[in-house]
Amino acid sequence: MEALTIIEKYYKKDSELYNTLVYHSADVMNKAVSIVISHPELKVNLDFIMEASMLHDIGILMTYAPDIHCFGIAPYICHGYLGAEILEREGYHEHALVCERHTGTGLSKEEIIKQKLPLPHRDMLPISLEEQIICFADCFFSKTNLGIEKSVEEIIEKFEKTGKGSVPQFKIWCDMFL
């Protein structure tokens with residue numbers, strides 16, 4: 001599979017949205033790859049990490065987030081499961097799981113219900129090491145400041161402000177992957 005081939009099926013090449021998606025995804029991929037290289041003991045699938053990192057945000061085109069050139073109709077928080085639906089249709093089940101499970105440090109069914117998020121009522125938590133690495137790497141990059149890596153402290157501060165239970169999981173990943 002060629003990730004860019006799938007992306008180009010849904011995004012106009014070299015459009016602002018395409019560039020935002022591809023540059024952000026490349027940053028996430030490079031961070032994830034550096035984690036894998038630094039931790040050969042994890043014995044993860046590097047090819048999968050590279051492909052799934054590039055595809056993890058494919059669903060953003062279906063959401064409304066004008067700051068990053070998205071003019072769909074769904075709330076931005078829906079981009080994970082919407083991207084998963086795209087990749088399922090393409091026949092990439094494992095890649096679809098990364099899409100669905102990568103928001104923050106993942107979302108539990110209980111969090112989704114408690115926060116009344118417009119998401120399906122099911123756990124969306126990264127399970128495999130590959131999913132966890134990509135989710136962790138994604139925390140370091142935003143789509144509004146392309147190419148700028150956030151510090152661990154900035155990420156923790158952001159998670160603390162949102163009131164979500166992401167900080168403990170993020171700290172566990174810091175111990176595992178940094």
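## Close-up views of a predicted model

**View 1. The largest pocket and the residues around its centre.** The largest pocket is lined by 29 residues, and those lying nearest its centre are Y76, H79, T103, G104 and K158. The structure shown here and in the views that follow is a predicted model, not an experimental one. The space within this largest pocket comes to about 620 Å³. When the residues of its lining are sorted by class, ten are nonpolar, eleven are polar and eight are charged. Two helices, α7 (residues 129-138) and α8 (residues 152-162), each supply at least two residues of this lining, and α8 gives the most, with four residues.

**View 2. Helix α7 and what covers it.** Helix α7, which also contributes to the lining of the largest pocket, is mostly covered, since nine of its ten residues are buried. The buried residues are E130, E131, Q132, I133, I134, C135, F136, A137 and D138. The elements that cover them include the helices α2 (residues 16-38), α3 (residues 46-55), α5 and α9 (residues 166-177).

View 3. R101 has its place in helix α5, which spans residues 93-101, and with a relative accessible area of 15% R101 counts as buried. The side chain of R101 is joined to the side chain of E131 by a polar contact of 3.0 Å, and E131 is itself one of the buried residues of α7. Leaving aside the neighbours within four places in sequence, R101 is in contact with G106, M124, L125, P126, I127, E131 and C135.

View 4. E100 belongs to helix α5 and is buried, with a relative accessible area of 13%. Which residue's side chain makes a polar contact with the side chain of E100? The partner is R122, and the distance of this polar contact is 2.7 Å. Apart from neighbours within four places in sequence, E100 is in contact with G80, Y81, A84, R122, D123 and M124. One of these residues, A84, lies 16 residues away from E100 along the chain, yet the C-alpha atoms of E100 and A84 are separated by 5.5 Å.

View 5. A search of the whole structure finds one cavity of 30 Å³ or more, and the volume of the largest cavity is about 30 Å³. Its lining is formed by I77, G80, Y81, E100, T103, L107, L119 and M124. Sorted by class, the lining of this cavity has five nonpolar residues, two polar residues and one charged residue. T103, named here in the lining of the cavity, is also among the residues that lie nearest the centre of the largest pocket.

Terms used:
Residues numbered from 1 in each chain as written. Predicted model: local features only at pLDDT ≥ 70, side-chain atom pairs only at ≥ 80, totals over all residues. Heavy atoms only, no water. 1 Å grid on protein atoms, 1.4 Å probe; cavity = no way out; pocket = protein on both sides within 12 Å on 5 of 7 lines; lining within 4 Å. Points joined across faces, edges and corners; volume = space filled by probe spheres on them. Nonpolar A, V, L, I, M, F, W, Y, C, P; charged D, E, K, R; others polar. Buried < 20%, exposed > 50% of the residue type's maximum accessible area, 1.4 Å probe, protein only. Polar contact = N/O pair within 3.5 Å; in protein donor to acceptor, adjacent residues only side chain to side chain. Contact = heavy atoms within 4.5 Å.
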